[in-house]
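Hi,

Here is the model I promised to pass on.

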Amino acid sequence: MGSKSKIMGFLLEGINQVHDGRAICDLFSGSGSLAGAIGQQTSVHSNDIQTYSGVLADTYNRVFRDSETPTADDLIAAATEIVMKRKFKVSTDYSKEMSLTEFNQIETQQKKFIDAKFDYNWHLFAKCYSGTWWSYEQCLWIDALREVAARFEKRPIYPAIISSLMFAMAYASQGTGHYAQYRDAKTESSFRDIIIYRKRSISQYFRRKFNDILEYAPTDPVTKNHRSTSLDFKECLGVFEGGTVYADPPYCFVHYSRFYHALETLVLYDFPQLQIQKGSVVKGRYRESRHQSPFCIKSQVAGAFADLFNGIRKSNSSLVLSYSNTGMISLDELYQISRTALPNKKIEIMTIDHQHMTMGRKEDRQRSVKESLLLAF
Ligand SMILES: C[S@@+](CC[C@H](N)C(=O)[O-])C[C@H]1O[C@@H](n2cnc3c(N)ncnc32)[C@H](O)[C@@H]1O
């Protein structure tokens, strides 16, 4: 959600305009699209409050193959061994004909595993997510591959293993591309659709992505000084040595932490307290302490941008700020805040018509465009 990969050319044009050869920081790196686009040419400090983002950026830029790198077969064999050892709470054959009622009975039973006791440690997904975005069996596989990944935590291949698992989770999920809400099988047609995802194999999708990554991974250690951090943007600007900051903060009221909490939990694997409402776990099974971004809260958004511009001034950096006209603040207001906080900088607005991909500078007609860049240098 919000990946800038489709307008990367526009973004790079903005960055080239202000870049003075010093370091580059992607302050809200999300899917790591900038790290992926320029990481071969220059070092990138990728930062995002969500930890999974750093894993994606590291997959682009810090993974390399060495003589000890496992193959997909090695990893899947190790996970198979783990899955086989588990005492199955249920076993469901989703390829067999079943009615909507039968299916929903199984789903209800699996959802109750949240209250079950497990006699082994790596059971977070089986406990918290069975019968939601994934079936119990798919959760067993997610837990098993995560357990195998942990054996490689200190090795350069680790981010690739976790990213491949994120990929498999996404393709097997019965949700709509994120983890805010899973679907309920209320009708025959939604049941038929959900079952397509229940039949998907986590290990097969994992294999596909892991092999893709291995094909592209370099065989020598990466010499560029890439970094990834999971700091709040203010803290990150406090430690950034100064250079060019690309900032793509959230632009609407939806919190990323609500959409991608399951990825965060996969990476942290920390058995979080889940949000409770009226005595029971809320349907989305969100992490209790998930981050609420000031950029997504109407009363805080102007202050958050002021903090961002002040951090740019203090770190003596240039800024490329993405702005979408679906945002929570007008471009005029943003411009005024930047003028006050950065009195000694030149401020320019670049705009792009996202649909037609025609680039230009149209300071007066910001509202008619979809995407803009505010440059401060
Ligand atoms: C629009 S997305 C960035 C998308 C990214 N440019 C890409 O191409 O994938 C905004 C990101 O800001 C992060 N974020 C929200 N509040 C933050 C904060 N206070 N500090 C750091 N990151 C934050 C979110 O986790 C989300 O990944």
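Below is what I found, starting with the whole chain and then going residue by residue.

First, the ground rules. This is a predicted model, so local features need pLDDT of at least 70 and side-chain atom pairs count only at pLDDT 80 or more, while totals for chains, interfaces and linings use all residues. Residues are numbered from 1 along each chain as its sequence is written, and side-chain values use heavy atoms, with hydrogens and water left out.

**The whole chain**

The protein chain has 15 helices and 10 strands; these are DSSP runs numbered from the N terminus, H or I of at least four residues for helices and E of at least two for strands. Along its principal axes, the C-alpha trace spans about 65 × 50 × 40 Å. For 377 residues, a compact globule would have a radius of gyration near 21 Å, and the 22 Å of this chain agrees with that. (The radius is taken over C-alpha atoms, and the globule rule is 2.2 Å times the number of residues to the power 0.38.)

Buried residues make up 54% of the 377. Buried means under 20% relative accessible area, exposed means over 50%, and partly exposed is in between, with a 1.4 Å probe and protein chains only. The chain exposes about 17500 Å², and carbon and sulfur atoms supply 49% of that; the areas come from the Shrake-Rupley method with a 1.4 Å probe, and for residues only the protein chains shown count as cover.

Of the contacts with a separation of 6 or more, 75% are between residues 24 or more positions apart. A contact here means heavy atoms within 4.5 Å.

On charges, the mean positions of the 47 positive and 41 negative ones are 3 Å apart. Lys and Arg count as positive, Asp and Glu as negative, and His and the chain ends are not counted; each charge is placed at NZ of Lys, CZ of Arg, CG of Asp or CD of Glu.

How many disulfides does a search of the whole structure find? The search finds 0, where a disulfide is a pair of cysteine sulfur atoms within 2.5 Å. I still looked at C25 and C236. The closest cysteine sulfur to that of C25 is in C236, but at 4.0 Å the two are too far apart for a bond. C25 is buried because its relative accessibility is 0%, and C236 counts as buried at 0% too.

Y52 sits in helix α3 (residues 51-61) and is buried, with 5% relative accessible area. Not counting residues up to four places away in sequence, Y52 touches M166, Y260, L263, E264 and V267. Its C-alpha atom is 8.6 Å from that of S31, 21 residues away along the chain.

S53 is also in helix α3. Its relative accessible area is 0%, so S53 is buried. Leaving aside neighbours within four places in sequence, S53 is in contact with S29, G30 and D48.

**T42 in a loop**

T42 is in the loop between α2 (33-38) and β2 (44-47). At 23% relative accessibility, T42 counts as partly exposed. Beyond four places in sequence, T42 touches I24, K224 and H226. The C-alpha atoms of T42 and R22, 20 residues apart along the chain, are separated by 9.8 Å.

**T265 in helix α13**

T265 lies in helix α13 (residues 261-268). Is T265 buried or exposed? T265 is buried, with a relative accessible area of 0%.

Most residues other than glycine have a negative phi.

- F271 has a positive phi near 45° and is not a glycine. F271 is in the loop between α13 and β5 (276-277) and is partly exposed, with 37% relative accessible area.
- R285, not a glycine either, has a positive phi of about 55°. R285 lies in the loop between β6 (280-281) and α14 (301-314) and is buried, at 7% relative accessible area.

That's the lot from me. Cheers!
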